Amino acid sequence: MFKTAKRKIYRQGDVLIQEIDKLPEGANLVEWEDRVILAYGEVTGHAHALSTSYARMYTWEGDRLLEVQPGAKLVHEEHATILLPPGLYKVIQQREYVPEAPPRDVLD
Amino acid sequence: MSLTEELVQLTPRQVKKLESVANQWKNVGLSVGKTDRAACEAAMQESYRAAGLAPPRLVIWLKSPRAGATAARLLKSDLDWPHQLNDMQRAVWDQVWQQSLPQIQSYLGANRWAEIRKQTRQEAEQKILNKYGHYVEKRVKELFAEKIGIWLWRYIRKIYGPSTLEEIRINLEEKTKAGLFPSLSRSALDQIYQQLVVPVTQQTWGAVAEPLRMMMTINNGTLVGRQTWECGFGTHDAGWVSHYDFLRTIGIKGIASLDGIINLTRVCGWWWPYRDLCILTERPVALKRDNRGRLHNEKGMVVRYSDNWGFYAWHGVIVPEDVIMLAEPITLERIAEERNVEVRRVLIERFGLDNYIKSGRLIKIHQDKCGTLWRMDVAGDEPIMVVQVINSTAEPDGIFKEYFLRVPPSMVRAKQAVAWTFGLTEDEYVPLVET
């Protein structure tokens, strides 16, 4: 069977990081102070985050994109740390099916 | 805007500030407790003045937005008479006239007020005299009170004037927006919108104020018809107000005219401004949410005001009182009998999917290393499809937490269902690392 090139994905709890080819033209840089936060837990205050020294976030057409330098670690208080290889990624937040309504995001 | 005008980008320090301002306003929008009435009145007067208006002479305080909306609607009603009001409306109107009375006295002056009383008293005496042939003190008093009541009903509704919300809220914001200096760059505005206005609005307006508005419409008497929304939403205006508060804190000029409304938003409940009267209402005394910010309380009302108005919800779904304050445990029969689909879904959730699995009502569709896919058939509704998954990282006590995610009814395999929760196909969903 012919094998298609798969995009690499990494998952930490309810956040998934999917590799992309390039940064689209016109993507907007989002400034973060110390940490690039991918998702917050509403009650716990826990967050999926990367150090700003190793990662930059962009937004493009409603998607959040990451530009990752060597040494970037995706951390969360309740999940094991993921060492992300350098590259470009899209951030995907887990969702749940809601009948007769658009999917809602899951936040842990 | 001239080309030489400076376009400002946010500095890292200001970006950091964005987060703290967002938290501050989220807390405002979700705040509960005693309302500082004096602070509210001062901020309300400041708002009127900023719009070039004299502060209203009558100020009415009510304890919930529902009471406020009812009063606003009563002011507008074309009834000649407060007699036709239902009990809830009557209770609100009693508040309105009792609070108005001393204010109207000073508004009219002691002499004019004494004259009105005297005239009304004479009319009452004359009427009783005509009816009974002699003077009956008790009847005269009753008739006098009634006539004064009607007089107030007509008078307040005659003098309160048109709504000034347009001037205070909308025009003032438009003017402020047009006069900001220095102007912000598009990307700075985008960032403020994404990181401040959107999250604050979602959590305070979307998750709290919208359901409130819906419940006020549902709970109100039919007599006065639909609600009037000529109001400011007090603490629930946190979303749009946070934008200007942030600009103010980073030194953008030209926001002073919104100071009053920003202050009012910090402390007050919903408010209805008119030219010569303002209805102010209190903040809620209780507000309960789940960990996703949706209204949720397993033990009582999700939002409650000091007049005890409020309602019940389960993870954002508004439900009747009995679904929360279960007089008796949920049974499969009770679930089957529930005709409202949304409420039935809540009952199913309250019953617990674990219990469903035990009861044999859940059918195992598929199982793989990603999890287990279950289906439950529901009469008159699409089947409920859930994928049962296990956390990849253990809890501190070494246990791996299990949880259920609802997925579309078209799912056939567990892995496909998990992939769907990330918007991926089964083929695409091959995590290199999963924690």
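1. Let me start with a charge on a ring: R57(B) sits over the face of Y107(B), 3.9 Å from the ring centre. Keep in mind that this is a predicted model.

2. R213(B) lies over the face of W229(B), and here the distance to the ring centre is 4.5 Å.

3. On to ring pairs: searching the whole structure turns up 14 aromatic pairs over all chains. Take W93(B) and W153(B): their ring centres are 4.6 Å apart and the planes make an angle of 75°, so this pair is edge-to-face. W93(B) comes from helix α4 (residues 87-108) of chain B and W153(B) from helix α6 (residues 137-159) of chain B, so the pair ties together parts 60 residues apart in sequence.

4. Are those two tryptophans buried or exposed? W93(B) has 2% relative accessibility and counts as buried. W153(B) is at 0%, and counts as buried as well.

5. Have a look at F233(B) and W270(B) next. They make an aromatic pair that is edge-to-face, with 4.7 Å centre to centre and 85° between the planes. Both partners sit in loops of chain B: F233(B) in the one between α8 (186-219) and α9 (238-249), W270(B) in the one between α10 (259-267) and β4 (271-273). The pair therefore ties together parts that are 37 residues apart in sequence. F233(B), at 10% relative accessibility, counts as buried. W270(B) counts as buried too, at 1%.

6. Now the interface. Chain A puts 37 residues into the contact and chain B puts in 41 residues. Between them the two chains bury about 3,400 Å², with 52% of that on carbon and sulfur atoms.

7. What about charges and polar atoms across the interface of chain A and chain B? The rule finds two salt bridges there. A salt bridge also joins the side chains of D34(A) and K16(B), at 3.3 Å from N to O.

8. Which strands of chain A supply at least two residues each to the side that touches chain B? They are β1 (9-12), β2 (15-19), β3 (28-30), β9 (79-84), β10 (87-93), β11 (95-96) and β12 (104-105). β1(A) gives the most to that side, with four residues.

Note on methods:
Residues numbered from 1 in each chain as written. Chains lettered and ligands numbered in written order. Predicted model: local features only at pLDDT ≥ 70, side-chain atom pairs only at ≥ 80, totals over all residues. Heavy atoms only, no water. Phe/Tyr/Trp six-rings, centres within 6.5 Å; stacked < 30°, edge-to-face > 60°. Buried < 20%, exposed > 50% of the residue type's maximum accessible area, 1.4 Å probe, protein only. Lys NZ or Arg CZ within 6 Å of the ring centre and 35° of its normal. Contact = heavy atoms within 4.5 Å. Buried area = accessible area lost by both parts, 1.4 Å probe. Salt bridge = Lys/Arg side-chain N within 4 Å of Asp/Glu carboxyl O.
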